[in-house]
Amino acid sequence: MPTLLLAVASCGQPTQSATSQRLWTMADLQASFQGGSTCVNPANLPCDYFVAKGIGDEGDVLQFKAAFSEGQPMGYITTDFWANYPQIWLEPMYILVTAWNDKAPGANRLRDAKGDPSPPIFSIGTQSAFWSPFWQTFYVEVPAGTPSTRYTSTRQLFDDHLVMHPGPNRFASIAPDGLTLPSAGDIADAIANRSPNDPTAFLRVGKVEDVAASSKTAFGWLDGVLVPFFDFGTDNFDANADQEIQDVPLFLFEKYDPNGVLKPLGVANVGGVAPLFSHVPGRISASNRPQFGALWRLHIVTLPAKAAEFTPVNETAATTAVGTVVTVADLNTMIGRVALDATCFDDLPAKGLSACIWLDSQRAIEDNLGEKAIQRTDLQPACPFVMFEGQPVPFEPPPPPPPVMQ
């Protein structure tokens, strides 16, 4: 089976097969955007697919992508992209503390002269072929009063034989200068484009400001140099005992055009939650933090001829039909989803949303299309969640409650 380059939903033509390894970092994706008509990116997509101009004078901004998962709206941001890599690895990141507290590992962070936490220390940078934004944190004990600039590289930590304690996994990607995370305004525009009649139907709980707060810009040490990075918090991906990052499917829809050419349908992607056909539910924390995803495996889904996206035009037709049993609010939530057989749109006024089989979850795609319609590729984008089930993803899990005093 040939390996496809990324034919991500919404645009792009069928692409050529790829056989060589290739890593695109955020710097590469930004350079692609700045390259104009000569850009090269993971999928031969428009130059502004991953990076675009922000609102006003924001400069270059990573794109927020609206999609669906588990039958609900979700949103993610792409930071890195691999083609034909056998495995993506967990790498170590070091955080300095002046005393170890296993109940609250970050409680005693080393502070700088301003009282701010000292920057973390990265073990590897984006110029390495082994680059990965997936980290296992290690808390490193240093004496109280240590200057925040005393340790700026991993070699210094090991030369001094400092005590280290393993911590949680963390997604953090080193960023190039001049690139920013999407603002609340950028995210609001992306949601409005996906759900034009009522953007609030896509973001069901919370505000776009809370979605934007799901990731933060910070600085860390890499071989003695402070570098910017985008931090998406902890406990938001899975790694096995061999420190290999576990991917889950990201489904992209394609369909044959009238000339028999298979082309991207141009609709929202669907995020999976577990290995294909495993029927394992995704793990989600009590605070709405998906503990899967962040690393995806692209799967191309070939749709039958009658499948189609539910659009604002379909919504208007359904809500103006005589005797309709569905509300505008109900139909707003379905805009952008793909139905297995679009003739069901005519039955919505009489039967409601259950008239259609909606392909908006991994299980729905597997059960209704089967293995032959789904093509696994060797393409793996890093796309951490910032919104799940229509709600902002909190940056960090809430701290554990204090112990009950007896």
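A disulfide is taken here as a pair of cysteine sulfur atoms within 2.5 Å. The structure is a predicted model, in which local features require pLDDT of at least 70 and side-chain atom pairs count only at pLDDT 80 or more, while totals for chains, interfaces and linings use all residues. Residues are numbered from 1 along each chain as its sequence is written, and side-chain values use heavy atoms, with hydrogens and water left out.

Two disulfides are present in the structure. When bonded cysteines are counted along the chain, the disulfides follow the pattern 1-2, 3-4. One of them is formed by cysteine 39 and cysteine 47, whose sulfur atoms lie 2.2 Å apart. The torsion about this S-S bond is about -85 degrees, so the link between cysteine 39 and cysteine 47 is left-handed. Cysteine 39 and cysteine 47 are both buried, where buried denotes under 20% relative accessible area, exposed over 50%, and partly exposed the range in between (1.4 Å probe, protein chains only).

A disulfide also connects cysteine 344 and cysteine 356, with an S to S distance of 2.0 Å. The link of cysteine 344 and cysteine 356 is right-handed, with 105 degrees about the S-S bond. Cysteine 344 is located in the loop between strand 19 (338-339) and helix 7 (348-351), and cysteine 356 in the loop between helix 7 and helix 8 (362-369); the pair therefore ties together parts that are 12 residues apart in sequence. Helices (H or I, at least four residues) and strands (E, at least two) are DSSP runs numbered from the N terminus. Cysteine 344 counts as buried because its relative accessibility is 7%, and cysteine 356 counts as buried because its relative accessibility is 8%. Cysteine 383 is likewise buried, with a relative accessible area of 1%.

Elsewhere in the model, three strands form an open sheet with the order 2-3-11 and mixed pairing, two strands being paired if DSSP finds at least two bridges between them. Strand 2 (51-53) and strand 11 (179-180) are the edge strands, each pairing on one side only. The pairing of strand 3 (residues 60-62) with strand 11 is parallel and extends over two bridges. Within strand 11, leucine 179 stands opposite aspartate 60. Helix 1 (residues 26-34) packs on the sheet and touches strand 2, strand 3 and strand 11, contact meaning heavy atoms within 4.5 Å. The direction of helix 1 makes about 50 degrees with that of strand 2; axes are lines fitted to C-alpha atoms, for helices over the stretch in contact, and angles run from 0 to 180 degrees between N-to-C directions.
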